[in-house]
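Hi,

Here's the structure I promised to pass on. Have a look at it first, and then read my notes below.

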Amino acid sequence: QVQLVESGGGSVQAGDSLRLSCAASGPTFSSSAMGWFRQAPGKEREFVAAISWSGGKTEYTDSVKGRFTISRDNTKNTVFLQMNSLTPEDTAVYYCAAQRAYYYNYLSRASEYPYWGQGTQVTVSS
């Protein structure tokens with residue numbers, strides 16, 4: 001089974017930046033699309049960003065465009081989420097997720113990702 005471990009979360013002030021990392025195990029990482037999702041208390045899990053197998057294509061939810069950047073380093077089996085200009089609305093548990101190898105479909109839907117990390121907390125104060 002694929003295992004994903006997030007890191008880099010923490011408590012920051014509005015306007016600050018954080019860089020989340022997700023370390024993945026398994027030989028199929030380089031051929032799997034990766035995504036970041038987040039969930040705040042009492043709210044549904046929502047899509048944040050996704051990246052294709054080679055990193056050539058990315059997708060973002062409208063609320064983070066221009067502030068967040070997703071990237072990956074296939075030689076290190078790691079995907080990143082650079083978060084700038086953070087606001088209190090970004091407060092949530094952030095999860096990384098992986099699609100099956102050579103599968104590239106509905107990147108914004110959590111149901112399309114069979115592999116998930118445990119999450120890392122991001123808290124942004126006013």
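A word on terms before we start: two strands pair if DSSP finds at least two bridges between them. The strands themselves are DSSP runs (E, at least two residues), numbered from the N terminus. Please keep in mind that this is a predicted model, where local features need pLDDT of at least 70, side-chain atom pairs count only at pLDDT 80 or more, and totals for chains, interfaces and linings use all residues. Residues are numbered from 1 along each chain as its sequence is written, and side-chain values use heavy atoms, with hydrogens and water left out.

**Strand S4 and its partners**

Let's begin with strand S4 (34-39). S4 pairs with S5 in the antiparallel sense, over five bridges. Trp 36 has Ala 49 in S5 as its bridge partner. The hairpin of S4 and S5 has six residues between the strands, and in it Gly 42 takes a positive phi near 75°. S4 is also joined to S9 by six bridges, and these two run antiparallel as well. There, Phe 37 stands opposite Tyr 95 in S9.

(Buried means under 20% relative accessible area, exposed over 50%, and partly exposed in between, using a 1.4 Å probe and protein chains only.)

Strand S7 (residues 68-73) shows two faces: Phe 68, Ile 70 and Arg 72 are on the covered one, while Thr 69, Ser 71 and Asp 73 are on the uncovered one. S7 pairs with strand S8 (residues 78-83) over six bridges, in the antiparallel sense. Arg 72 has Val 79 as its bridge partner in S8. This hairpin has four residues between the strands, and Asn 77 takes a positive phi near 50° in it.

**The cores**

A nonpolar core is a set of buried Ala, Val, Leu, Ile, Met, Phe, Trp, Tyr and Cys residues joined through side-chain atoms within 4.5 Å. The largest one here has 26 residues, and Met 34, Trp 36, Val 48, Phe 68, Leu 81, Met 83 and Tyr 94 touch the most other members. Strands that each supply at least two residues of this core include S4, S5, S7 and S8. Another core, of eight residues, lies apart from it, and Ala 33, Ala 50, Leu 107 and Ala 110 are among its members.

Which residues does Met 34 contact, leaving aside its neighbours within four places in sequence? Among them are Leu 4, Cys 22, Phe 29, Ile 51, Ile 70 and Tyr 113. (Contact means heavy atoms within 4.5 Å.)

Ile 51 is found in strand S5 (residues 46-51). Ile 51 counts as buried because its relative accessibility is 2%. Beyond its neighbours within four places in sequence, its contacts include Ala 33, Met 34, Ile 70 and Val 79. The C-alpha atoms of Ile 51 and Leu 81 are separated by 10 Å, and these residues are 30 apart along the chain.

**Salt bridges**

A salt bridge is a side-chain nitrogen of Lys or Arg within 4 Å of a carboxyl oxygen of Asp or Glu. By this rule the count comes to four. In one of them Glu 46 meets Arg 38, with the closest N and O atoms 2.7 Å apart. Glu 46 is partly exposed at 31% relative accessibility, whereas Arg 38 is buried at 5%.

Asp 90 and Arg 67 also meet in a salt bridge (2.8 Å, N to O). Asp 90 lies in the loop between S8 and S9 and Arg 67 in the loop between S6 and S7, so the pair ties together parts that are 23 residues apart in sequence. Both Asp 90 and Arg 67 are buried. Salt bridges that share partners join Arg 38, Glu 46, Arg 67 and Asp 90 into one network.

Lys 65 forms a salt bridge with Asp 62, at 3.2 Å between the closest N and O atoms.

Cheers
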